[in-house]
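Subject: Structure handover and notes

Hello,

Please find the structure below, with my notes after it. Could you read the notes with the coordinates open?

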Amino acid sequence: MRAWRKAGASLTWNTAGQFSAAFFGLLLVKVSVSAFTPSAYGFAALVLGIQLLLRNVGMLPPLNLAIYGSASEGAQHGLGHLYALGQRALLAVAVIGLVLAPLLLRGVAGAATDLPVYAALISALLASEALKSLRFNLLHCRGLARRYALWFAGDAAMKPLVVVLAWRLSPVPDSTLLLVAAQVVGSLLSLGASYLDPRILSLSRERLDAAPLPRLADWLRSHRGFLTPLIGVGLTGWITGLSDRYLVNHFLGAGPAGLYAGVYGLFSAPFLIGGGAVLLTARPALLRLQAEGRIGELRALHRRVLVLMALGAA
């Protein structure tokens, strides 16, 4: 009974965190399309989509390795070990993103005149978003659902707040560059605030000196079988979820692409809330069963999770 109560409380907090993040995400869309023209918002959505492409392909594999390794490597060495290696991998990818971003942005009209600036903003956003995920998930790995949900919601609230302030205070309010820069500033402020949380700090240093850190290349190479498929998964997710707005931009222009991105975000929100809450609640148990080698129970729980998510989607 106690385990069920704990799972229920975790599901409640995870749902609240996902709902809050989705609400503030929709608020960001509402604020952006109200304060900026559809064309400016459309260009910004296309620029930020390039950041998501780099994140899906480059950041999510090592980020997931750090998260999903928590049940085995984290138990053996401590979460500080995983955090340090994950941080090194993410920062290395951010540097690579700084080089690749201008090449990917060349096809986005409106960004061609400020390629170096947009590339720097994308790289900064890429690093800050991934590092935040890594730091917040330290709380999730230790079952601190309430603290995780509060940070998740607070981070989501920061971006629309900064966008409104930037729009109010800027002498050039209708600017794609301003909209992108405001989101970068909001992300960096949330990341900086996470360094003030003593629990996150303690988990990021947990048993850090218990064992020497391997070389980053050796660590990634030893988990190649886990990482390689995630690159394809990330690319496929970006193609199915975001590539259509680039087609809309190509055929109809940035204004319709911006409106399309806003409507798409609105209708996808309920699915993201439900799926994210269920996954966050079930993931610790799935990882524990996998680390303990209880494959039969793992598969049974996985089937129940899939059925629950399918029913929710229906």
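Asp197 sits in the loop between helix H7 (176–194) and helix H8 (198–204). Helices here are DSSP runs of H or I of at least four residues, numbered from the N terminus. This is a predicted model, in which local features need pLDDT of at least 70 and side-chain atom pairs count only at pLDDT 80 or more, while totals for chains, interfaces and linings use all residues. Residues are numbered from 1 along each chain as its sequence is written, and side-chain values use heavy atoms, with hydrogens and water left out.

Asp197 and its partners

Asp197 counts as buried because its relative accessibility is 6%; the cut-offs are under 20% relative accessible area for buried, over 50% for exposed, and partly exposed in between (1.4 Å probe, protein chains only). Its side chain is joined to that of Trp151 by a polar contact of 2.6 Å. A polar contact is a pair of N or O atoms within 3.5 Å; within protein, one must be able to donate a hydrogen and the other to accept it, and residues adjacent in sequence count only if both atoms are side-chain atoms.

Asp197 also meets Arg147 in a salt bridge, at 3.0 Å from N to O. The term is used for a side-chain nitrogen of Lys or Arg within 4 Å of a carboxyl oxygen of Asp or Glu. This pair links distant parts of the chain, with Arg147 in helix H6 and Asp197 in the loop between H7 and H8, 50 residues apart. Arg147 counts as partly exposed, at 33% relative accessibility.

Salt bridges elsewhere

How many salt bridges does a search of the whole structure find? The search gives 7. Glu129, Lys132, Asp155 and Lys159 are linked in a network of them. Glu129 and Lys132 are separated by about one helical turn, because they are 3 residues apart in helix H5 (residues 115–141).

Lys132 forms a salt bridge with Asp155 as well, the closest N and O atoms being 2.5 Å apart. That pair links distant parts of the chain: Lys132 is in helix H5 and Asp155 in helix H6 (residues 145–169), 23 residues apart. Lys132 is buried at 1% relative accessibility, and Asp155 is buried at 12%. Glu129 is buried too.

Helix H10

Helix H10 (residues 224–241) has 18 residues and spans 26 Å from its first C-alpha to its last, close to the 26 Å expected at 1.5 Å a residue. The expected span is 1.5 Å times one less than the number of residues. The buried residues of H10 are Leu227, Gly234, Trp238 and Gly241. They lie on the same side of H10 because they cover an arc of only 80° around the axis, taken from the directions from the helix axis to the C-beta atoms. Gly225, Val233 and Thr240 are exposed on the other side of H10.

Two further points

Val180 lies in helix H7 and is buried, at 1% relative accessibility. Val180 and Phe43 are 137 residues apart in sequence and 9.4 Å apart in space, C-alpha to C-alpha.

Leu104 is in helix H4 (residues 79–105) and is partly exposed, with a relative accessible area of 34%.

Regards

Methods. Helices (H or I, at least four residues) and strands (E, at least two) are DSSP runs, numbered from the N terminus.
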